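Here are my notes on this one, as promised. Have the viewer open while you read.

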Amino acid sequence: MLRSLMVACVQAVVPLLGHANPTAETETEGMDFLDLVDGEGNVLIQAHGVDAVNAEARAQILAFPALGYWSDEGHCFVKPAPGDCNGMFKS
């Protein structure tokens with residue numbers, strides 16, 4: 001019984017570990033992030049700050065959470081947004 005409960009818990013938690021953190025920029029280099037553009041069904045959104053990126057993604061009815069966020073200067077989550085932010089979403 002305990003073993004079944006543990007297996008069920010692991011199966012419920014493991015898929016959650018693969019999602020991007022929607023409140024932090026990706027830890028990868030820019031080219032790694034931009035490589036996601038070639039992924040089937042991936043859509044790149046660029047706007048001024050993460051709030052604008054998310055608004056545009058919602059307007060296009062893209063899947064949340066985002067696969068990741070990235071900017072050259074690392075300022076996607078700075079408010080007010082000092083520049084462009086990139087967000088990667090599934091269509």
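**Sheet, helix and rings**

1. Helix α3 (residues 50–59) lies across β1, β2 and β3 and runs at about 135° to β1. Helices (H or I, at least four residues) and strands (E, at least two) are DSSP runs numbered from the N terminus. Axes are lines fitted to C-alpha atoms, for helices over the stretch in contact (heavy atoms within 4.5 Å), with angles from 0 to 180 degrees between N-to-C directions.

2. This is a predicted model: local features need pLDDT of at least 70, side-chain atom pairs count only at pLDDT 80 or more, and totals for chains, interfaces and linings use all residues. Residues are numbered from 1 along each chain as its sequence is written, and side-chain values use heavy atoms, leaving out hydrogens and water.

3. The open sheet has three strands in the order β1-β3-β2, with antiparallel pairing (at least two DSSP bridges between two strands). Its edge strands are β1 (42–48) and β2, each pairing on one side only. Four bridges join β2 to β3, and G68 has M88 in β3 as its bridge partner.

4. Now the rings: F64, Y69, F77 and F89 form one aromatic cluster. Rings of Phe, Tyr and Trp (its six-membered ring) pair if their centres lie within 6.5 Å; planes under 30 degrees apart are stacked, over 60 edge-to-face, the rest tilted. Y69 and F89 are edge-to-face because their centres are 6.2 Å apart and their planes at 85°.

5. Is Y69 buried or exposed? Y69 is buried, at 1% relative accessibility, while F77 is partly exposed at 28%. Buried means under 20% relative accessible area, exposed over 50%, partly exposed in between (1.4 Å probe, protein chains only).
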